[in-house]
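Here is a friendly note to read with the structure open beside you. Take the points one at a time, and find each element on screen before moving on.

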Number of protein chains: 2
Amino acid sequence: MAFVNENFLKLPGSYLFSEIARRVSAYKGEHPDADIIRLGIGDVTRPLPPACIEAMHRAVDEEASSATFRGYGPEQGYDVLIEAILQHDYAARGICLRPSEVFVSDGAKSDTGNIGDILGQANTVGVTDPVYPVYIDSNVMAGRSGDLTDGKWSRITYLPCTAANGFVPALPEQRVDIIYLCYPNNPTGTTLTRTELKKWVDYAKANDSLILYDAAYEAYISEEDVPHSIYEIEGARQVAIEFRSFSKTAGFTGVRCGYTVVPEEVTVRTASGERVPLNPLWNRRQCTKFNGTSYITQRGAEAVYSPKGQRQVQETIAYYMENARILREGLRSVGFQVYGGVNAPYIWLQTPQGLTSWQFFDELLHRMHIVGTPGVGFGPSGEGYFRLTAFGQRENTLRAMERIAGWK
Amino acid sequence: MAFVNENFLKLPGSYLFSEIARRVSAYKGEHPDADIIRLGIGDVTRPLPPACIEAMHRAVDEEASSATFRGYGPEQGYDVLIEAILQHDYAARGICLRPSEVFVSDGAKSDTGNIGDILGQANTVGVTDPVYPVYIDSNVMAGRSGDLTDGKWSRITYLPCTAANGFVPALPEQRVDIIYLCYPNNPTGTTLTRTELKKWVDYAKANDSLILYDAAYEAYISEEDVPHSIYEIEGARQVAIEFRSFSKTAGFTGVRCGYTVVPEEVTVRTASGERVPLNPLWNRRQCTKFNGTSYITQRGAEAVYSPKGQRQVQETIAYYMENARILREGLRSVGFQVYGGVNAPYIWLQTPQGLTSWQFFDELLHRMHIVGTPGVGFGPSGEGYFRLTAFGQRENTLRAMERIAGWK
């Protein structure tokens with residue numbers, strides 16, 4: 001008889017965003033006239049940059065004629081896009097990467113979810129807490145999690161990030177083989193300085209650990225001392241894989257494009273201690289279980305790096321970051337304790353009056369008709385916190401803060 | 001220290017199509033003027049149907065304005081596309097599926113590669129031989145293959161398909177938990193009749209096995225008694241997952257779209273024998289490790305089902321099948337034994353004069369300047385066979401057969 005991967009059966013049934021949808025829908029059922037403003041899920045609202053639109057129209061036209069038709073492309077992505085990535089995202093910051101180290105994909109969610117394919121089941125895993133659920137769930141599926149007790153998986157090391165430590169995770173007391181870091185952070189909107197990130201690179205080198213570095217929100221960094229790439233830190237090429245995304249940078253949430261950097265120097269070990277480079281393994285994984293990113297999408301992504309594309313992307317980011325400022329100031333003016341929103345499009349607030357995350361969710365929905373995301377949905381250390389996103393439309397963001405002014 | 005998935009280290013280094021590329025490039029290096037015709041890799045050459053082009057332009061324009069912008073879509077695909085699939089690919093053939101049973105994706109390669117995520121490592125695997133390499137390689141990566149000896153993996157059951165059995169695989173002597181079937185077949189271009197496919201469904205029911213049915217070439221079926229979907233066979237809903245693709249149907253090799261059907265009745269077992277439905281598990285896998293298919297791509301795929309799209313797709317398929325006829329007849333006229341090419345865009349020929357697949361590859365390249373694919377690259381039973389594809393341009397197909405006329 002055919003067998004199931006029993007690790008899947010360990011995953012708890014309900015998922016954060018479906019529970020939110022359920023509560024909103026229940027409330028709407030009882031109050032059909034309620035004008036609800038959604039600042040919950042991390043989807044963008046601004047349209048794609050015109051430069052990307054033009055490039056995608058051209059690419060669609062190429063697919064219309066046999067003289068210019070493009071069928072299967074390289075699984076790793078087209079050279080022109082990889083070259084643009086290398087030059088703008090890395091060389092411009094003094095980081096020298098080889099084209100063979102960049103793998104274009106259909107997004108950072110796929111890549112952070114699939115990267116575990118090339119890693120052994122015996123690895124111990126560390127995550128900052130609260131955390132993007134994909135890092136944990138994909139490890140549960142792969143059998144690396146142990147069992148779930150009181151909201152924590154027994155074989156996963158949780159590194160609390162709360163106001164108490166300024167959202168800077170302490171190095172783990174018990175060593176971990178793989179550590180996921182996401183900076184600028186989802187959900188807290190906070191960052192690490194170069195000095196702080198260097199501690200992690202040094203830790204990984206000292207412990208032969210692997211850092212999976214998710215920099216999907218890199219474009220939102222506004223402060224000087226915040227690294228845009230982990231490869232700004234000396235030694236990171238030996239111990240870190242970096243994930244990037246066009247979703248939040250250029251509005252590609254529905255277009256689907258991201259990329260993953262696997263430097264040739266990154267190695268892990270066999271059970272007998274031999275070093276194995278990961279770059280050829282990820283290449284083999286992608287060539288076997290992925291067939292490349294849509295040509296049209298890649299042309300759109302390439303246009304992000306054109307002078308016009310860069311200007312347009314900056315305008316969109318400025319728009320969202322003005323939303324972030326409006327949220328931060330609006331919330332503070334009525335006494336909320338607010339974090340993030342300076343180098344990231346997320347606002348992380350402390351729930352008032354000792355409310356739990358879900359209690360505050362209900363209060364905000366029922367009294368203010370605003371939907372956000374309960375912090376505890378991202379992990380145990382998210383309890384007592386709440387996430388709002390700056391990705392909404394300006395008008396809605398302003399209206400939400402007008403309503404918040406009535407909070408007490 | 002971080003550990004590697006050691007199963008990856010078992011995979012032999014060189015890959016079929018890179019070895020082909022290497023030999024072609026070496027030959028071109030020595031004979032720079034050789035006019036080489038490529039009938040090897042299964043990529044298409046006809047442009048996309050105009051209906052798809054129009055739909056994709058419209059979708060690109062929707063992404064250009066905040067009023068119509070689409071960000072994250074459902075991981076399972078948009079309802080409009082799923083409805084079109086249900087109606088045209090299934091209801092029209094008397095098969096009733098639920099929308100929740102269809103999962104739109106970026107292609108059948110991803111899905112056939114990733115489906116193993118939800119299946120236990122202990123499963124034994126059967127494949128027809130020769131076979132599409134992804135089925136085997138993805139199982140090697142997952143630790144289900146055992147070791148490689150003389151071109152065969154010790155824990156994989158190979159079911160030979162050769163001229164001797166009319167390319168109809170015998171049921172395995174030793175039972176298997178999971179069986180991959182691809183019909184119309186890549187690489188042999190042959191099919192199973194309803195009666196023959198029913199034997200497999202009955203086998204799966206009797207043995208509690210799971211059939212992974214790849215129907216990527218379904219659109220090329222021309223004969224009456226060949227099933228288009230495994231769900232035409234009674235009982236298949238309990239034992240089969242079906243994979244479909246827009247790549248070969250509508251030229252989407254570079255646009256990337258396919259879908260997978262996981263009926264709610266398909267179950268596998270836990271180690272203790274309890275039945276578990278696979279549909280919610282695949283849903284969870286896709287929601288965690290995939291973020292939906294490009295909106296633009298999905299609009300293109302939907303247009304395949306419009307009346308205009310259907311007419312245009314039929315024209316393209318007729319074009320390729322005329323190529324197939326030209327190849328079949330051209331090869332036969334000089335004495336080749338030829339299979340396939342009637343319900344599939346692949347021609348499978350027996351190598352002449354006792355040549356091995358690779359010897360014939362070299363002969364064909366050196367004497368005729370034609371590139372095809374050595375059968376042994378698809379598995380041990382492919383030795384002594386050779387694949388040509390009907391996806392080339394008409395002119396090249398005709399020129400190739402003019403050259404073949406000089407074979408002796």
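1. Let's begin with a pair of strands in chain A of this predicted model. Strand β9 (residues 240-245) of chain A and strand β10 (residues 258-261) of chain A run antiparallel, and four bridges pair them. To find one of these bridges, look for Glu242(A): its partner in β10(A) is Val261(A).

2. Now zoom out to the sheet. Chain A has an open sheet of seven strands, and their order is β2-β10-β9-β8-β7-β3-β6, with mixed pairing. Which strands lie at the edges? They are β2 (102-105) and β6 (156-160) of chain A, each of which pairs on one side only. On average, neighbouring strands of this sheet are turned by 20° against each other, if direction is ignored.

3. A helix belongs in this picture too. Helix α3 (residues 79-90) of chain A lies across β2, β9 and β10 of chain A, and its direction is at about 115° to β2(A).

4. Two packed helices are described by the angle between their axes and the distance between the axes. For helix α11 (residues 307-333) of chain A and helix α13 (residues 394-404) of chain A, the angle is about 5° and the axes are 9 Å apart. Angles under 35 degrees count as roughly parallel, and α11(A) and α13(A) are therefore described as roughly parallel to each other.

5. Which residues make this contact? From α11(A) come Tyr319(A), Glu322(A), Asn323(A), Ile326(A), Leu327(A), Gly330(A) and Leu331(A), and they meet Arg394(A), Thr397(A), Leu398(A), Met401(A) and Ile404(A) in α13(A). Sorted by class, the contact of α11(A) with α13(A) has seven nonpolar, three polar and two charged residues.

6. Is helix α9 (residues 279-289) of chain A largely enclosed or open? Nine of its 11 residues are buried, so α9(A) is largely enclosed by the rest of the structure. Among the buried residues are Leu281(A), Trp282(A) and Cys287(A), but also Arg284(A), Arg285(A) and Lys289(A).

7. Over in chain B, look at strand β9 (residues 240-245). Six of the six residues of β9(B) are buried, so this strand is largely enclosed by the rest of the structure. Ala240(B), Glu242(B) and Arg244(B) point one way from the strand, while Ile241(B), Phe243(B) and Ser245(B) point the other way.

8. What pairs with β9(B)? With β8(B), the pairing is parallel over four bridges, and Asp214(B) has Phe243(B) as its bridge partner. With strand β10 (residues 258-261) of chain B, four bridges join strands that run antiparallel; here Ser245(B) stands opposite Gly258(B).

9. Elsewhere in chain B, strand β3 (residues 125-129) and strand β7 (residues 178-182) pair in the parallel sense over three bridges. One bridge links Val127(B) to Tyr180(B) in β7(B). Helix α5 (residues 133-141) of chain B packs on the sheet and touches β3, β6, β7 and β8 (210-214) of chain B, with its direction at about 155° to that of β7(B).

10. Finally, how do the two chains relate? A rotation of 180° with 0.0 Å of shift along its axis superposes chain B on chain A, with an RMSD of 0.0 Å. The two copies are thus related as by a two-fold rotation axis. In chain B, the C-alpha nearest that axis belongs to His57(B), 3.1 Å away from it. Of the interface residues of chain B, 99% are also interface residues in chain A, so the copies meet through the same surface.

Note on methods. Residues are numbered from 1 along each chain as its sequence is written. Chains are lettered from A and ligands numbered from 1 in the order in which they are written. This is a predicted model: local features need pLDDT of at least 70, side-chain atom pairs count only at pLDDT 80 or more; totals for chains, interfaces and linings use all residues. Side-chain values use heavy atoms; hydrogens and water are left out. Axes are lines fitted to C-alpha atoms, for helices over the stretch in contact, and angles run from 0 to 180 degrees between N-to-C directions. Helices (H or I, at least four residues) and strands (E, at least two) are DSSP runs, numbered from the N terminus. Angles under 35 degrees count as roughly parallel, over 145 as roughly antiparallel, 65 to 115 as roughly perpendicular and the rest as oblique. Contact means heavy atoms within 4.5 Å. Ala, Val, Leu, Ile, Met, Phe, Trp, Tyr, Cys and Pro count as nonpolar, Asp, Glu, Lys and Arg as charged, and the others, Gly among them, as polar. Two strands pair if DSSP finds at least two bridges between them. Copies are superposed by least squares on the C-alpha atoms of residues with pLDDT of at least 70 in both. Buried means under 20% relative accessible area, exposed over 50%, partly exposed in between (1.4 Å probe, protein chains only).
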